[in-house]
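Subject: Handover of a model, with notes on contacts and exposure

Dear colleague,

I am passing on the structure below, together with a summary of what was found in it. Please read the notes with the model open beside them.

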Amino acid sequence: MSPSDPDDAREALCTWSRRMVRDGLVVGTSGNLSLRCGELIAVTPSGVDYETMTPADVVLVSPEGTVVDGVRAPTSELALHLAAQARPGTSAVVHTHSPAAVALSLLRDHVPPVHYQIAMFGGTVRVADYAPFGSDELVANAVAALGDGSAVVLGNHGTLVLGEHLGAAYDGARQLEWLCDVWLRARTAGEPRLLSEAEISEAMRRFAAQKRTVRDSTPGSR
């Protein structure tokens with residue numbers, strides 16, 4: 001669930017941005033995040049060190065990208081976030097420059113199914129063709145490769161992960177980086193054994209059943 005209070009959204013982006021640095025998903029001021037708050041979208045600013053970023057630095061924009069509140073310029077990947085935020089069920093978007101995912105994008109056109117965790121993304125994560133950062137071409141390539149999934153690796157660039165809330169999107173970004181790292185490690189030793197389509201389908205079925213169980217056990221759920 002996304003926060004309705006812009007102040008809460010701004011604080012959340014600061015917290016998760018700093019965690020993104022600590023977890024090695026970005027370096028310096030690279031990467032960016034966005035979080036829907038009511039009718040607006042909170043986005044990280046351009047060129048601000050995450051360790052010193054404050055809620056006042058976070059920018060509020062309309063779904064069309066108009067700056068509604070903020071003293072900073074929004075991230076240069078604003079168009080990418082707006083396109084992702086327009087997807088049904090999406091409230092949070094995490095864009096990283098995580099090294100294993102970037103390395104894998106130089107070698108493959110999709111993330112190999114080395115572990116059942118790939119089922120959390122719908123069973124497939126594609127690698128989008130490279131395009132310059134901040135460009136319309138990048139947005140088009142990312143959306144095309146994303147399809148109906150919740151994650152995409154941006155060729156020679158990083159990752160983009162969508163979620164119902166910021167914690168879910170961030171967890172997806174970490175899981176995706178882990179999957180890429182596992183394949184890279186295995187590939188240095190030989191040819192990795194990959195899961196079959198049937199095995200991935202079974203993992204997806206189990207993930208869906210687990211999600212229903214959690215939802216049905218949540219107080220107030222119907």
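Is tyrosine 116 buried, partly exposed or exposed? Tyrosine 116 counts as partly exposed, because its relative accessible area is 45%, where buried means under 20% relative accessible area, exposed means over 50%, and partly exposed lies in between (1.4 Å probe, protein chains only).

Before the details, two remarks on the basis of these notes. This is a predicted model, in which local features need pLDDT of at least 70 and side-chain atom pairs count only at pLDDT 80 or more, while totals for chains, interfaces and linings use all residues. Residues are numbered from 1 along each chain as its sequence is written, and side-chain values use heavy atoms, with hydrogens and water left out.

Aromatic pairs

A pair of aromatic rings is described by the distance of the centres and the angle of the planes. Rings of Phe, Tyr and Trp (its six-membered ring) pair if their centres lie within 6.5 Å, and planes under 30 degrees apart count as stacked, over 60 as edge-to-face and the rest as tilted. By this rule there are two aromatic pairs. In one of them, tryptophan 16 and tyrosine 170 have ring centres 5.0 Å apart and planes at 55°, so the pair is tilted. This pair links distant parts of the chain, since tryptophan 16 belongs to helix 1 and tyrosine 170 to helix 5 (residues 166-189), 154 residues apart; helices here are DSSP runs (H or I, at least four residues), as are strands (E, at least two), and both are numbered from the N terminus. Both tryptophan 16 and tyrosine 170 are buried.

Tyrosine 116 forms an edge-to-face aromatic pair with phenylalanine 207, at 6.3 Å centre to centre and with 75° between the planes. Here too distant parts of the chain are linked, with tyrosine 116 in the loop between helix 3 (99-105) and strand 6 (127-128) and phenylalanine 207 in helix 6 (residues 197-217), 91 residues apart. Phenylalanine 207 is partly exposed, with a relative accessible area of 24%.

Salt bridges

A salt bridge is taken as a side-chain nitrogen of Lys or Arg within 4 Å of a carboxyl oxygen of Asp or Glu, and by this rule the count comes to nine. One of them joins aspartate 69 to arginine 10, with the closest N and O atoms 2.9 Å apart. The two residues come from distant parts of the chain, aspartate 69 from strand 4 (residues 67-69) and arginine 10 from helix 1, 59 residues apart. Aspartate 69 is partly exposed at 37% relative accessible area, whereas arginine 10 counts as buried at 9% relative accessibility.

Another salt bridge is formed by arginine 174 and aspartate 23, whose closest N and O atoms are 3.7 Å apart. Arginine 174 lies in helix 5 and aspartate 23 in the loop between helix 1 and strand 1 (32-37), so the pair ties together parts that are 151 residues apart in sequence. Arginine 174 is partly exposed at 39% relative accessibility, and aspartate 23 is partly exposed at 33%.

Arginine 205 is partly exposed at 47% relative accessibility, as is glutamate 202 at 29%. Salt bridges that share partners also join Arg19, Asp23 and Arg174 into one network.

Cover and exposure

Helix 2 (residues 78-85) is mostly covered, as six of its eight residues are buried, namely Leu78, Leu80, His81, Leu82, Ala84 and Gln85. The C-alpha atom of leucine 80 is separated by 8.8 Å from that of alanine 140, 60 residues away along the chain. Alanine 140 sits in helix 4 (residues 136-146) and is partly exposed, at 45% relative accessibility.

In the loop between helix 1 and strand 1 there is also valine 27, which is exposed, with a relative accessible area of 68%. Valine 27 and valine 102 are 75 residues apart in sequence and 13 Å apart in space, C-alpha to C-alpha.

With best regards
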